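Subject: Structure for you to look at

Hello,

Here is the structure I said I would pass on. My notes on it follow below.

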Amino acid sequence: MVQKTITLTLGGQERTLLYGTMGYFEHIKNSSGKEPFEWLEGFDKNRTDGNKITVLIEDTAVMVYAGLNSYLDSMDQPNVPIEKVKKWCNGLSTEDVAHIFTTAFGNLTTDQPGELQAQPGQENGEAKVN
């Protein structure tokens, strides 16, 4: 996984989220209470089984929390609690959420019928949402 960032407005100010680091996986575990790959498996199941509301609400908060605190760790700054991140996520548009997931996971494209491949969401590793 390549390190990728996205900058968006959370809590009234621009904040950067960083994906693809060791800290990112640690923060997934802290916020979800599950091992990162167990959480990712559940995320995929919710997404494909039609439980989209869980993905939009609960899983978005996990993704934002993990990305934000991963970035803060890299800058040697204090972490933001999950409760505050959940509150900030209430102000995100569905377009913002789509950009977050694309940055974290890349775009899904089909190489062959029935086969999905993750592709980087952007060429330079950075995305910005206004």
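Thr 7 belongs to strand 1, which covers residues 4–10. The side chain of Thr 7 makes a polar contact of 3.2 Å with the side chain of Thr 16.

Please keep in mind that this is a predicted model. Its mean pLDDT is 80 for the protein chain, with 72% of the residues at 70 or more. Where pLDDT is low, however, the predicted coordinates should not be read in detail.

Overall layout

The protein chain has five helices and five strands. Along the sequence they come in the order β-β-α-α-α-α-α-β-β-β. Of the 130 residues in the chain, 41% are buried. Taking contacts between residues at least 6 apart in sequence, 55% join residues at least 24 apart.

Helix 1

Helix 1 runs over residues 22–32, and its buried residues are Gly 23, Tyr 24, His 27, Ile 28 and Ser 31. Why do the buried residues of helix 1 line one face? Seen down the helix axis they fall within an arc of 145°, so they sit on one face of the helix. An α-helix has 3.6 residues a turn, so residues three or four places apart point the same way. After helix 1 comes Gly 33, with a positive phi near 75°.

Ser 31 is one of the residues of helix 1. Leaving aside residues up to four places away in sequence, Ser 31 touches Val 62, Tyr 65 and Ile 82. Between Ser 31 and Tyr 65 there are 7.2 Å from C-alpha to C-alpha, although the two are 34 residues apart in sequence. The side chain of Ser 31 also reaches back to the backbone oxygen of Ile 28, at 3.4 Å.

Aromatic residues

How many aromatic pairs does the structure hold? There are four. One of them is Tyr 19 with Tyr 24, an edge-to-face pair with 5.2 Å centre to centre and 85° between the planes. Both Tyr 19 and Tyr 24 are buried. These two tyrosines, together with Phe 25 and Phe 37, form one aromatic cluster.

A loop residue

Asp 76 is in the loop between helix 3 (52–74) and helix 4 (82–89). Its phi is positive, near 55°, and the residue is not a glycine. For comparison, most residues other than glycine have a negative phi. Asp 76 has a relative accessibility of 70%; the limit for exposed is over 50%, so Asp 76 counts as exposed.

If you open the model, I would begin with Thr 7 and its contact to Thr 16, then turn to Ser 31 and the residues it touches, among them Tyr 65.

Regards

Terms used: Residues numbered from 1 in each chain as written. Heavy atoms only, no water. Helix = DSSP H or I, 4+ residues; strand = E, 2+ residues; numbered from the N terminus. Polar contact = N/O pair within 3.5 Å; in protein donor to acceptor, adjacent residues only side chain to side chain. Buried < 20%, exposed > 50% of the residue type's maximum accessible area, 1.4 Å probe, protein only. Contact = heavy atoms within 4.5 Å. pLDDT = per-residue confidence, 0-100. Arc of directions from axis to C-beta. Phe/Tyr/Trp six-rings, centres within 6.5 Å; stacked < 30°, edge-to-face > 60°.
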